[in-house]
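Hi,

Here is the structure I promised to pass on. Have a look at it first, and then read my notes below.

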Amino acid sequence: MNAPDSPQALAARSDLPDLMKAMGLKAKVASALVARAPAAIKNKALLSLAGLLRSQTAPLQVANAKDVERAKAAGLAAPMVDRLVLSPKIIETVAVGCEQLAAMPDVIGEIIGMKQQPSGIRVGQMRVPIGVFGMIYESRPNVTIEAASLAIKSGNACILRGGSEAIESNKALAALVQQALTAAGLPADAVQLVPTVDREAVGILIAMPQYVDVIIPRGGKGLIERVSRDAKVPVIKHLDGNCHVYVDDPCDMAMAVTVADNAKTQKYSPCNASEGLLVARGVAADFLPKIGTIYAAKGVEMRCDAESKAILQTIRAEPVEALLRDATEQDWYEEYLAPVISIKVVAGVDEAIAHINQYSSHHTDAILTRDHLHAQQFLREVDSASVMVNASTRFADGFEFGLGAEIGISTDKFHARGPVGIEGLTSLKYVVLGNGEVRV
């Protein structure tokens, strides 16, 4: 039987609705101020934040170490602990992201598609901030900076609710964001971090349409399914990162081996790591032993169809046989986030596309090929948010795409799809310019 909540916990929980309502109201007020801020002021805040991140790297790592130690003591899985780490390299990456955003054009207020109508009026669309977005995320504390910096550049306010496992890191990062906002003359309330780890805060945040205009969940499937089910606010989401690499016939064999290795093993925990490997029958006998040897050396378990397993069993290296498994139907759908990959031999590009469209999560899929027509067919017919030719799926990232940062990767088909950067956090409204025209 669970122990009853303490009086202090009950008191805190009873205050939670008031806390969330107050944060929502502050965000709404701040959003109007940020929306009309000049580009120079927003850029000043971003550059100030980049400087603070660099100068405060050591204190940030002290805060982060508390989260990492607590996660290890709690027995959190290694890939999840890896996501928690706020290394100097990661801090530098988000600092550069802030600078990259500051250097980008300000799209707010931009008018597109202006056309003269027969009545004499001119009709176009203006890009405007969404208003207030709520961000719910797990593990990675760098998301705090990515979300905050994109909110600033896009003229929005945001309410951030990070995972309990990264609370100390997120508090330290959010304090720097508010310091940078204040230094630039913007309201500190434009970026707020929910200070409690109580999960009930999520339920309240996603049911405040009077304050919050859109919710962006970034985390495990359970979190995203819950938010999608219970939200009373529009949601931008993706459920899984079941990404594929398809090795075509013909391909550059050396390049295919390098890219397939990188897509899987450069880092196992991100949602853009490859989870499925499809190989054209015409190159399978040559390609699979090469990549299988590399995967085996790195301890990657290979869940294979019968044809790929038969080829991989010809490798004489001792570890290979121990790492081969028979794939089940569920394996084709699986997002492992671990040193595990599903492998299947296919007849060619048509079967590869059909497999991907049936089993993938429509996140990111890549073809490695020397055939231009196959590449074009793959780009047209694979129904995913990012589709790549001769490149690792690990590039499916807002920073790598030149967006400065990303707030997540959307596999939805409306409003925003793929890495969600500045434009994904804006809306379009119609504007009409006239000279006294009246409708008859």
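A word on terms before the details: buried means under 20% relative accessible area, exposed means over 50%, and partly exposed is in between (1.4 Å probe, protein chains only). This is a predicted model, so local features need pLDDT of at least 70 and side-chain atom pairs count only at pLDDT 80 or more, while totals for chains, interfaces and linings use all residues. Residues are numbered from 1 along each chain as its sequence is written, and side-chain values use heavy atoms, with hydrogens and water left out.

Salt bridges

I'd start with the charged pairs. A salt bridge here is a side-chain nitrogen of Lys or Arg within 4 Å of a carboxyl oxygen of Asp or Glu, and the structure holds 18 of them. Helices (H or I, at least four residues) and strands (E, at least two) are DSSP runs, numbered from the N terminus.

One of the salt bridges joins Glu92 to Arg54, with the closest N and O atoms 2.9 Å apart. That pair links distant parts of the chain, as Glu92 sits in helix H5 (residues 88-103) and Arg54 in helix H2 (residues 39-55), 38 residues apart. Glu92 counts as partly exposed at 33% relative accessibility, and Arg54 is partly exposed at 32%.

Arg54 also meets Glu99 in a salt bridge (2.7 Å, N to O). Here Arg54 in H2 and Glu99 in H5 tie together parts that are 45 residues apart in sequence. Glu99 has 30% relative accessibility, so it counts as partly exposed.

Glu423 is partly exposed at 45%, whereas Arg127 is buried at 11%.

The sheet

Next, the open sheet of seven strands: the order is E10-E9-E11-E8-E7-E12-E13, with parallel pairing. Strands E10 (324-326) and E13 (386-389) stand at the edges with a single partner strand each, so one side of each has no neighbour in the sheet. On average, neighbouring strands are turned by 20° against each other, direction ignored. Two strands pair if DSSP finds at least two bridges between them; E7 (residues 243-247) and E8 (residues 274-280) run parallel and are joined by five. In that pairing, Cys243 stands opposite Ser274 in E8.

Helix H10 (residues 253-265) packs on the sheet and touches E7, E8, E11 (340-346) and E12 (364-368), its direction making about 160° with that of E8. Helix H11 (residues 281-297) packs on the sheet too, touching E7, E8, E9 (301-304) and E11, at about 145° to the direction of E8. Contact means heavy atoms within 4.5 Å. Axes are lines fitted to C-alpha atoms, for helices over the stretch in contact, and angles run from 0 to 180 degrees between N-to-C directions.

Over to you!
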